[in-house]
Amino acid sequence: MKEQEPSRTAFAAAAHRAIHQVVEKGKIFRDPLALTIVGMKAEDVQHEDELQMSRLGIRLFIAARSSYAEAALWRAIEQRGVRQIVILGAGLDTFAYRSQLPANTCVFEVDHPATQAWKRRWLEQVGIECPDSLIYAPVDFESDTLLDGLNAVGFDSAQRSFFIWLGVVPYLTEQAIDSTLGAIASLAGGAEVVFDYSDPPSSFSMELLALHQARAARVAAVGEPFLSYFDPAKLHEKLRELGFSEIDDVIGRRLLSDYLERPTTTARSSPENGGTGSGGGHVLFAATQFA
Ligand SMILES: C[S@@+](CC[C@H](N)C(=O)[O-])C[C@H]1O[C@@H](n2cnc3c(N)ncnc32)[C@H](O)[C@@H]1O
């Protein structure tokens, strides 16, 4: 990311969720604030024919990863009594602003300081109120320590916590990813995390590689290049070594087929997208031992 500037890809991801509400009627992921948070109206989307047809695969993947993450989060809330939620690299995520949460539940939004400051100003502009249960923690994953940032704003390491970390890992160095996962795994109260990642491009089909290269060039041009890819088996080994005992890793293509009546055949590919060929995006749930 550019040091002093808010994330441009954060707006793009939120716009995909907004367009999904209109074009697919939120079939995969319903978000009543998705349009408001990007300052769009349904009519704006309906007139954007080109926008509707382009980037279908990435849009569906972004919707599906949120749906998967929030379903896992609600299971943790209901089945394991989780009351501490952390949205890492939150961007224009709306979970905290639209969810009816049990009493005594806290949501921490962690993001790069420049993106977070911009979001807070932007929320005022679009008229979205910040609930009392929400606490902001500015953290740069590349240079700050996640737990220092969280502890400074009242995070309780002794309580079981749930982390949602979507659309962020591909933009970080492996060192920053390792230290963030290590911090999550080390929490005394136990923790669960959902994040997405991409297979290495060397495993992509030719079609997928071409799509990936185009997307990589686009994000690099806005100062947010893709930096990290993972071989799934090696990533799972790393997670187990860190202390995660439960792992569910779903490839994008399968995730979409779980949410749609029939498997999508039009999904495009990128580090945030399962695509149609071999390789592509994954969404992964990992948890330290359930009590
Ligand atoms: C593609 S956006 C995803 C935003 C959101 N999670 C979503 O799915 O819509 C990437 C997010 O990662 C954050 N990010 C990127 N590099 C970061 C860093 N070094 N430290 C903290 N956040 C970072 C950006 O600020 C941005 O919010």
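**From the ligand to one helix**

Reply: Helix H1 (residues 8-23) contributes the most to the shell around the ligand, namely 4 residues, where helices are DSSP runs of H or I with at least four residues, numbered from the N terminus. This is a predicted model, in which local features need pLDDT of at least 70 and side-chain atom pairs count only at pLDDT 80 or more, while totals for chains, interfaces and linings use all residues. Residues are numbered from 1 along each chain as its sequence is written. Around the ligand there are 23 residues, of which Ala 13, Gly 89, Gly 91, Thr 115 and Gly 167 come nearest; a residue is near if its C-beta atom, placed from the backbone, lies within 6 Å of the molecule.

Leu 208, Leu 211 and His 212 of H10 are buried, and, seen down the helix axis, the buried residues fall within an arc of 100°, so they line one face. That arc is taken from the directions from the axis to the C-beta atoms. On the other side of H10, Met 206, Ala 210, Ala 214, Ala 217, Ala 220 and Ala 221 are exposed. Buried means that 20 or more other C-beta atoms lie within 10 Å of a residue's own, and exposed means 12 or fewer. After H10 comes Gly 223, which has a positive phi near 85°.

Key: Helix = DSSP H or I, 4+ residues; strand = E, 2+ residues; numbered from the N terminus.
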